[in-house]
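Keep the sequence and the 3D view open while you read.

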Amino acid sequence: MDYIKILREDNDLSDLLCDVCDIEILPEFKIPQDEDGHITYNISGKTFAMAGSGSEYILLEDGSIGYWGSEGECGRIADNLDEFFEFMINCPYWLDYLCEEEYINKQELGAFAEEIFEEYEENAQEVAFDLREAQQELAKRLGIEIKSDVAELLLRFYHCTKREPRFILTYTENDGSTHSSTGSLFDR
């Protein structure tokens, strides 16, 4: 399914995605952030979405999805767009799942993920927003299944962040020195 096209054509649905997942689909693809020529990436791609922080989601040339964080994080997060949207809708606060020791035990990972979601759900209720209902509406309209246990999705995400080649950025300082990311979001 062409989720990007659907979201670009349906503003209400796009707004719902932003409310639930903090993802804004851009009206067109753009060149990834390069900080005035200081940043280069080892895999080329096109930015298709942004987070409220200014972070970018990049469709890489191999069809996988990369993430560039406004704090310099960089890495692959999904093997394709279908897996990206399934992951984002089921785990909308995915940056909070970047605790590698939680990935040792699948059952504990599921409980950890549910704890995080419930915390965000409580926070959303304080501003009269029903996060779970909005998540379910978003999933229904995009034809994505909400998982009762997201451990399998998180394990797929974890393995995607570790696979080679990693999605790496290199920052070049004005003096010519360089700093590269590890390409794993778990190394932040």
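The model is predicted, and local features need pLDDT of at least 70, side-chain atom pairs count only at pLDDT 80 or more, and totals for chains, interfaces and linings use all residues. Residues are numbered from 1 along each chain as its sequence is written, and side-chain values use heavy atoms, with hydrogens and water left out.

## Nonpolar cores

In soluble globular proteins, nonpolar side chains tend to be buried together. Here a nonpolar core is a set of buried Ala, Val, Leu, Ile, Met, Phe, Trp, Tyr and Cys residues joined through side-chain atoms within 4.5 Å. Buried means under 20% relative accessible area, exposed means over 50%, and partly exposed is in between, with a 1.4 Å probe and protein chains only.

There are 50 residues in the largest nonpolar core. F48, Y57, I77, F84, F85, W94 and Y97 have the most contacts inside it. What does I77 touch, leaving aside its neighbours within four places in sequence? Its contacts (heavy atoms within 4.5 Å) are Y57, I65, Y67, F84, M88, W94, F157, C160 and L185. Another core, of nine residues, lies apart from the largest one and includes I39, I43, I58 and F167.

## Aromatic rings

Rings of Phe, Tyr and Trp (its six-membered ring) pair if their centres lie within 6.5 Å; planes under 30 degrees apart count as stacked, over 60 as edge-to-face and the rest as tilted. The structure has 15 aromatic pairs. The pair of F84 and F85 is edge-to-face because the ring centres are 5.0 Å apart and the planes stand at 80 degrees. F84 is buried, with a relative accessible area of 0%, and F85 is buried at 0% as well.

The pair of F157 and F186 is tilted, since the centres lie 5.8 Å apart with the planes at 45 degrees. This pair links distant parts of the chain: F157 belongs to helix α6 (residues 151-162), F186 to the segment after β8 (178-180), and they are 29 residues apart. Helices (H or I, at least four residues) and strands (E, at least two) are DSSP runs, numbered from the N terminus. Both F157 and F186 are buried.

Ring pairs also join residues into a cluster, and its members include F48, Y57, F84, F85, W94, F157 and F186.

## Pockets and a cavity

On a 1 Å grid over the protein atoms alone, a cavity is a set of points where a 1.4 Å probe fits but cannot get out, and a pocket is an open set with protein on both sides within 12 Å along at least five of seven lines; lining residues have an atom within 4 Å of a point. Grid points are joined across faces, edges and corners, and a volume is the space filled by probe spheres set on the points.

The table gives the volume of each space.

| Space | Volume |
|---|---|
| Largest pocket | about 270 Å³ |
| Second largest pocket | about 170 Å³ |
| Largest cavity | about 60 Å³ |

In the classes used here, Ala, Val, Leu, Ile, Met, Phe, Trp, Tyr, Cys and Pro count as nonpolar, Asp, Glu, Lys and Arg as charged, and the others, Gly among them, as polar.

The largest pocket has 20 lining residues, and C21, D22, A51, P92 and L95 lie nearest its centre. Its lining divides into eleven nonpolar, four polar and five charged residues. Helix α2 (residues 11-21) supplies the largest share, four residues.

The second largest pocket is lined by 14 residues, with E114, R132, K147, S148 and V150 closest to its centre. Helix α4 gives the largest share of this lining, five residues.

The whole structure has one cavity of 30 Å³ or more. I77, F157 and C160 are among the residues that line the largest cavity. Which element gives the most to this lining? It is α6, with four residues.

## Backbone exceptions

Most residues other than glycine have a negative phi, and most peptide bonds are trans. The peptide bond from E164 to P165 is cis, with omega near -10 degrees. D36 has a positive phi, near 55 degrees, and is exposed with a relative accessible area of 75%. A128 has a positive phi of about 60 degrees; A128 lies in the loop between α4 and α5 and is exposed at 74%.
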